[in-house]
Amino acid sequence: MITAQSPAISVCLPVYNAERYLAEAVESVLAQTFTDFEFLILDDGSTDGSLAILKQYEARDPRVRVFSRPNKGLITTLNELIELSRGEFLARMDADDVSLPQRFERQIEHLQANPDCVVVGCQALVIDPDGDPITVWFEGGTHEELDSENLKGEKGGMLCHPSVMMRRSSVLDVGCYRDQFRYAEDLDLWLRLAERGRLANLPIPLLKYRTHQSNRSELRNDRADQDFHQILLDARVRRGLPVEGIPPRPFSQEPAIPQAVGERWA
């Protein structure tokens, strides 16, 4: 329940065996120019030193709330973080990325100025494992452009998942993440949210998005193709659109650059 004492933003950070980059990710959130947030971190049964690192931050900053339990997977972890949240807005973050200092300030400003907007992302500076820049990725665009590209089945969707800030009430209204989709859970959420409000993507880089060999979406397989196809089929059926144009395996080809950032979830 949101009250007058609730923070404006609930930052949702799932963690699984992320000790190499975790401190940098956490510190980038704590260094935000917008400070009215709670920082919810759920350790999904890590077997490395992640939990010990998180406990140190929890002891230092009252905004940090750390939870831990045996491994249940990314989708369950994300939904549990949403259940724990108290803020009007949800800010996603991954444990190997870096939020630039004005990310929350710029995104909450957009959401407050545009009450019909349900999710806002931003451009991302793609970095390598050592933090060196590779390229700027994810374009801006109107709601119509973003939603149209999502319906075409662009890999990973047109919003960078760990960069987004979402209206909590809208996420709850659409039922949060659907656990039947282990892959492309973000694309599925964008398509459902677009049926409740407008999507936006700020045309400025506000996140460093790390790519490396253990990126979760590097694991291309038949199940991933099936999930993508079903997500697009479901969206077209919900919207009364033709379904004949969806190829049986639209996502078998390799992306031009690595698609998603995040630890390899068990």
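The dialogue that follows takes up the cores, the helices, the cysteines, a serine and the salt bridges.

Biologist: On what basis are the values computed?

Modeller: This is a predicted model, in which local features need pLDDT of at least 70 and side-chain atom pairs count only at pLDDT 80 or more, while totals for chains, interfaces and linings use all residues. Residues are numbered from 1 along each chain as its sequence is written, and side-chain values use heavy atoms, with hydrogens and water left out.

Biologist: Which residues have the most contacts inside the largest nonpolar core?

Modeller: In soluble globular proteins, nonpolar side chains tend to be buried together. A nonpolar core is a set of buried Ala, Val, Leu, Ile, Met, Phe, Trp, Tyr and Cys residues joined through side-chain atoms within 4.5 Å. Buried means under 20% relative accessible area, exposed over 50%, and partly exposed in between (1.4 Å probe, protein chains only). Here the largest such core has 38 residues, and Ile9, Val11, Leu13, Phe39 and Met165 have the most contacts inside it. Apart from that core lies another, of 25 residues, which includes Leu78, Leu146, Cys176 and Tyr177.

Biologist: What is phenylalanine 39 in contact with?

Modeller: Contact means heavy atoms within 4.5 Å. Once neighbours within four places in sequence are left aside, phenylalanine 39 is in contact with Val11, Leu13, Val26, Val29, Leu30, Arg63, Val64 and Arg65.

Biologist: How should I read the buried residues of a helix, and which are they in H2?

Modeller: Helices (H or I, at least four residues) and strands (E, at least two) are DSSP runs, numbered from the N terminus. One then considers the arc, which is that of the directions from the helix axis to the C-beta atoms. In helix H2 (residues 50-60), the buried residues are Ser50, Ile53, Leu54 and Tyr57. Seen down the axis of H2, these fall within an arc of 95 degrees, so they line one face of the helix. Their cover includes strand E1 (9-15), helix H1 (22-30), E2 and E3.

Biologist: Which residues of helix H5 are buried?

Modeller: In H5 (residues 143-151) they are His143, Leu146, Asp147, Asn150 and Leu151. These buried residues fall within an arc of 130 degrees about the axis of H5, so they line one face of the helix. Among the elements that cover them are helix H7 (185-193), strand E9 (198-210) and helix H8 (222-239). Just after H5, glycine 153 takes a positive phi of about 85 degrees.

Biologist: How many disulfides does a search of the whole structure find?

Modeller: A disulfide is a pair of cysteine sulfur atoms within 2.5 Å, and the search finds 0 of them. For cysteine 12, the nearest cysteine sulfur is that of cysteine 176, 9.9 Å away. Cysteine 12 is buried at 3% relative accessibility, and cysteine 117 is buried at 2%.

Biologist: Where is serine 163 found, and what does it touch?

Modeller: Serine 163 is in the loop between H5 and strand E8 (165-167). With a relative accessible area of 0%, serine 163 is buried. Not counting residues up to four places away in sequence, serine 163 touches Arg103, Gln107, Val120, Gly121, Cys122 and Leu207. Its side chain reaches the backbone nitrogen of cysteine 122 at 3.5 Å.

Biologist: How many salt bridges are counted?

Modeller: A salt bridge is a side-chain nitrogen of Lys or Arg within 4 Å of a carboxyl oxygen of Asp or Glu. By this rule the count is 20. One of them joins glutamate 38 and arginine 65, with the closest N and O atoms 2.9 Å apart. That pair links glutamate 38 in strand E2 (residues 37-44) to arginine 65 in strand E3 (residues 64-69), 27 residues apart. Glutamate 38 also meets arginine 86 in a salt bridge (3.0 Å, N to O). Here the partner, arginine 86, is in the loop between helix H3 (74-84) and strand E4 (89-92), 48 residues apart from glutamate 38.

Biologist: Which residues are linked in a network of salt bridges?

Modeller: The network links Asp44, Arg69, Lys72 and Glu80. Within it, aspartate 44 and arginine 69 form a salt bridge with their closest N and O atoms 2.4 Å apart. Aspartate 44 is buried at 0% relative accessibility, and arginine 69 is buried at 13%.

Methods: A polar contact is a pair of N or O atoms within 3.5 Å; within protein, one must be able to donate a hydrogen and the other to accept it, and residues adjacent in sequence count only if both atoms are side-chain atoms.
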